Amino acid sequence: MREPVSDAIRNMIHFYTKQSQVPLHDISHFMKVWGFSRAIGLAEGLSPETLQTLELAAIVHDIACPLCRKKYGNTNGRAQEAEGESLAREFYDGFGLSEKCLQRVVWLVAHHHTYEKTDGPDYQILLEADFLVNAEESQMSRAAIASFRDRVFRTETGLRMLRQMYLPEEG
């Protein structure tokens with residue numbers, strides 16, 4: 001029996017080695033976001049279906065980065081959202097996902113840099129997991145991390161991880 005999350009990880013590694021100017025960074029980034037997404041999703045008690053949708057979205061959330069680098073010279077979040085929708089749909093073609101799951105994965109990819117009006121735990125967790133990785137990769141200041149925490153973080157697990165990783169004096 002095929003396992004869509006495992007298949008997606010292998011396919012995404014292949015995608016980045018063929019498409020990306022910085023494949024190791026892109027692979028490392030999505031793997032970390034996927035790992036945090038899975039850990040937070042499990043701790044927050046997501047249903048198996050919602051957890052799978054979250055994991056599939058986390059794997060391809062930055063699928064547009066190679067295209068954005070070539071087309072725009074950067075990986076601006078709004079450009080990623082605009083370009084990522086069709087790329088994510090194409091990536092998952094042939095995976096046999098339900099239309100509901102596929103629609104949600106594509107929607108999450110197309111909104112993973114939009115921090116208002118989160119409409120589900122999968123969306124909330126993807127935003128938090130991506131930030132946990134981006135804060136380190138971008139070497140964000142403590143003030144910027146605290147500000148983002150106050151504006152975006154909502155899950156108990158994500159908040160605990162953020163505090164432990166970046167703001168240990170807060171517990």
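This is a predicted model: local features need pLDDT of at least 70, side-chain atom pairs count only at pLDDT 80 or more; totals for chains, interfaces and linings use all residues.

Visitor: OK. How many residues does helix α2 have, and how far does it reach?
Guide: Helix α2 covers residues 23-43, which is 21 residues. From first C-alpha to last, α2 reaches 30 Å. That is close to the 30 Å expected at 1.5 Å a residue.

Visitor: Which of its residues are buried?
Guide: In α2 they are D26, I27, H29, F30, V33, W34, F36, S37, I40 and G41.

Visitor: What covers them?
Guide: The cover includes α1 (4-19), α3 (48-60), α4 (65-72), α7 (121-137) and α9 (156-166).

Visitor: And just after α2, which residue takes a positive phi?
Guide: G45, with a phi of about 75 degrees.

Visitor: On to α3. How many residues, and what reach?
Guide: α3 has 13 residues and reaches 19 Å, first C-alpha to last. The expected value is 18 Å at 1.5 Å a residue, so call it close.

Visitor: Which α3 residues are buried?
Guide: L51, T53, L54, E55, L56, A57, A58, I59 and V60.

Visitor: What do those pack against?
Guide: The buried residues of α3 pack against α1, α2, α5 (77-91), α6 (99-109) and α7.

Visitor: Take α1 and α3. What angle do they pack at?
Guide: About 0 degrees, with the axes 10 Å apart. The two helices are therefore roughly parallel to each other.

Visitor: Which residues meet there?
Guide: From α1, P4, V5, A8, I9 and M12. From α3, Q52, E55, L56, I59 and V60. The residues of this contact divide into eight nonpolar, one polar and one charged.

Visitor: Switching to charges. How many salt bridges does the count come to?
Guide: Twelve.

Visitor: Give me one in α1. What does R10 pair with?
Guide: The side chain of R10 meets that of D7 in a salt bridge, 2.3 Å from N to O. Both residues lie in helix α1, three residues apart, about one turn of the helix.

Visitor: What does E81 bridge to?
Guide: R78, with the closest N and O atoms 3.0 Å apart. E81 and R78 both lie in helix α5, three residues apart, about one turn. E81 counts as buried at 7% relative accessibility. R78 is partly exposed at 46%.

Visitor: Now D119. Where does its partner sit?
Guide: The partner is R104; their side chains meet in a salt bridge at 2.8 Å, N to O. D119 lies in the loop between α6 and α7, and R104 lies in helix α6, so the pair ties together parts that are 15 residues apart in sequence. D119 is partly exposed, with a relative accessible area of 47%. R104 counts as buried at 18% relative accessibility.

Visitor: Let's look at D130. Where is it, and is it buried or exposed?
Guide: D130 lies in helix α7. At 4% relative accessibility, D130 counts as buried.

Visitor: What is D130 in contact with?
Guide: Leaving aside neighbours within four places in sequence, D130 is in contact with H29, V33, H61, H112 and H113.

Visitor: And how far apart are the C-alpha atoms of D130 and F30?
Guide: They are separated by 8.5 Å. Along the chain, D130 and F30 are 100 residues apart.

Visitor: Last stop, T53. Which helix, and buried or exposed?
Guide: T53 is found in helix α3. T53 counts as buried, at 7% relative accessibility.

Visitor: What does T53 touch?
Guide: C101, R104, V105, L108 and D122, not counting residues up to four places away in sequence.

Methods: Residues are numbered from 1 along each chain as its sequence is written. Side-chain values use heavy atoms; hydrogens and water are left out. Helices (H or I, at least four residues) and strands (E, at least two) are DSSP runs, numbered from the N terminus. Buried means under 20% relative accessible area, exposed over 50%, partly exposed in between (1.4 Å probe, protein chains only). Contact means heavy atoms within 4.5 Å. Axes are lines fitted to C-alpha atoms, for helices over the stretch in contact, and angles run from 0 to 180 degrees between N-to-C directions. Angles under 35 degrees count as roughly parallel, over 145 as roughly antiparallel, 65 to 115 as roughly perpendicular and the rest as oblique. Ala, Val, Leu, Ile, Met, Phe, Trp, Tyr, Cys and Pro count as nonpolar, Asp, Glu, Lys and Arg as charged, and the others, Gly among them, as polar. A salt bridge is a side-chain nitrogen of Lys or Arg within 4 Å of a carboxyl oxygen of Asp or Glu.
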